[in-house]
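Subject: Structure handover

Hello,

Here is the structure you asked about. Please open it alongside this note.

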Amino acid sequence: MSDGQPDALAAEAAALDEGDVLRAVRKEFALDDGTVYLDGNSLGALPRTVAGRLAEVVGEEWGRLRIRSWTESGWWEAPERVGDRLGRLVGAAPGQLVVGDSTSVNVFKAVVAAVRLAGPGRDEVLVDAATFPTDGYIAASAARMTGCRIRTVDAWDVPAVAGPRTAVALVNHADYRSGRLHDMAGTTAAVHAAGARVVWDLCHSAGALPVGLDADGVDFAVGCTYKYLNGGPGAPAYLYVRRELQPRFDSPLPGWNSHADPFAMDSAYAPADGAARGRVGTPEILSLLALDAALDVWEDVALTDVRAKSLALTDFFLRCVEAYVPTGRVERITPAAHAERGSQVSLRCASGAAGVMQELIRRGVVGDFRRPDVLRFGFTPLYTGFAETRRAARVLGEVLAG
């Protein structure tokens, strides 16, 4: 059946698009209507406001004001200012989140700081067995440096495994490969009951669904901003430190930007108060201000609407896959339960998965491939529609039937 021959799913997609409360937000992004972009879980689309804002930063703030922009254009305070804007999207009250460095660097800060907060005899770092590799690498290095051992466990087993030797658990909120969403509130409470701390990686959840860092009592959280937050390639990451822990947050990277009086140029380090204690060196101003502009698209967006649409999109995609894809060609590995699903659908394709994704991209459906056999489709509610979701499933079916 060609796209020119309507079916019941086509009519349903049209009705869903018509009733989409986020439909108008799509125009805020630079998108090619001929392409179905389902890779926002790797790199979000470009918000239209960013190019003009960057031109202003380069031409006026850097080009004309130059060094004066650190004060006159608010460059110096930008990591905390943008951090507070991000805080709204992850359930963090102002003053607890700072933007800067990479996710990897912030994982290192958080894990080491958590170990330093641990009491005597706590020499174990729990790591999500399915974690994104860099988190595992960083955690292993942090453990070696602090005299701890790594214990790898399935994320859903962390509450049962955390015990008297546990210093910190490092857990991904949403699994990057399968899209499985883990229980932040329950896991955090269980780790705390065991006397330990928890670090959450929000890379695949922030911007795709509501996150409640304060409400769930999270100790530390990190995340990137170039996926569902659309900050651009290499956009700076962020670090959340719960307010009550900030006075005891002992960063393993005490740079001059996190000094209580950075321009005193004192040889002795004295940490700043608040979120600034998580800073290290000079902020990445161009990418930081590009992110700031990208966050404008969120001003009138309710995260409850984002989550509702995310679940509706992924549900609809799975139904379309069932209708259009030949039986037995793919296997869903993303959980069916809404409480356990992020904003992506991952399908195991046992035969030629890499070639299948290449052909999908050639035909204008952009997802991605994870070795050895996983096809990933990320659904960004701010700009993904139901008609294009249906089209993606139809093209997948045609490729696999060919």
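Below is what turned up, starting with the annotated sites and ending with the backbone.

One caution before the details: this is a predicted model.

**Annotated lysine**

The UniProt record, an unreviewed entry, puts "modified residue: N6-(pyridoxal phosphate)lysine" at Lys227. Look for Lys227 in the loop between E9 and strand E10 (238–241). Is Lys227 buried or exposed? Lys227 has a relative accessible area of 10%, so it counts as buried. The cut-off for buried is under 20%. Leaving aside neighbours within four places in sequence, Lys227 is in contact with Gly40, Asn41, Ser42, Gly44, Cys203 and His204.

**Annotated binding site**

An unreviewed UniProt entry carries the annotation "binding site" for Thr103, Ser104, Phe132, Pro133, Thr134, Asp135, Asp201, His204, Tyr226, Trp256 and Thr282. These positions spread over 180 residues of sequence, and in space they reach up to 30.7 Å between C-alpha atoms.

Two of them are worth a stop.

His204 sits in the loop between strand E8 (197–201) and strand E9 (220–223). Its relative accessibility is 7%, so His204 counts as buried. Beyond its neighbours within four places in sequence, His204 has contacts with Asn41, Ala174, Tyr176, Lys227, Tyr228, Gln344 and Arg376.

Ser104 belongs to helix H5 (residues 103–117). At 21% relative accessibility, Ser104 is classed as partly exposed. Which residues does Ser104 touch, not counting residues up to four places away in sequence? They are Thr134 and Ile138. Thr134 is also in the binding-site annotation.

Two packed helices are described by the angle between their axes and the distance between the axes. Two pairs follow.

Helix H1 (residues 8–18) packs against helix H10 (residues 303–324) at about 165°, and their axes are 12 Å apart. That angle makes H1 roughly antiparallel to H10, because the cut-off for roughly antiparallel is over 145 degrees. The crossing of H1 past H10 is left-handed. From H1, the contact uses Leu9, Glu12, Ala13 and Leu16. From H10, it uses Phe316, Arg319, Cys320, Ala323 and Tyr324. By class, the residues of this contact are 7 nonpolar, no polar and 2 charged.

With a relative accessible area of 40%, Arg319 is partly exposed. Not counting residues up to four places away in sequence, Arg319 touches Leu9 and Glu12. Ala162 is 157 residues from Arg319 along the chain, and their C-alpha atoms are separated by 38 Å.

**Helix packing: H4 and H9**

Helix H4 (residues 78–89) and helix H9 (residues 285–294) form the other pair, at an angle of about 30° with axes 10 Å apart. Parallel or antiparallel? H4 is roughly parallel to H9, because angles under 35 degrees count as roughly parallel. H4 and H9 cross in a left-handed way. H4 brings Ala78, Pro79, Arg81, Val82, Arg85 and Leu86 to the contact, and H9 brings Leu288, Leu289, Leu291 and Asp292. The contact of H4 with H9 counts 7 nonpolar, no polar and 3 charged residues.

**Backbone exceptions**

Most residues other than glycine have a negative phi, and most peptide bonds are trans.

- Arg66 is not a glycine, yet has a positive phi of about 50°. It is in the loop between helix H2 (49–65) and helix H3 (69–72). Its relative accessible area is 51%, so Arg66 is exposed.
- Asp101, also not a glycine, has a positive phi of about 65°. Its place is the loop between strand E4 (97–99) and H5. Asp101 is partly exposed, at a relative accessible area of 23%.
- Arg371 to Pro372 is a cis peptide bond, with omega near 5°. Pro372 is in the loop between strand E14 (368–370) and strand E15 (374–378).

Best wishes

Technical notes: Residues numbered from 1 in each chain as written. Predicted model: local features only at pLDDT ≥ 70, side-chain atom pairs only at ≥ 80, totals over all residues. Heavy atoms only, no water. Axes fitted to C-alpha atoms, helices over the stretch in contact; angles between N-to-C directions. Helix = DSSP H or I, 4+ residues; strand = E, 2+ residues; numbered from the N terminus. Parallel < 35°, antiparallel > 145°, perpendicular 65-115°, else oblique. Left-handed = near helix turned anticlockwise from the far one by under 90°. Contact = heavy atoms within 4.5 Å. Nonpolar A, V, L, I, M, F, W, Y, C, P; charged D, E, K, R; others polar. UniProt positions renumbered as here; feature names shortened; annotations may be inferred. Buried < 20%, exposed > 50% of the residue type's maximum accessible area, 1.4 Å probe, protein only.
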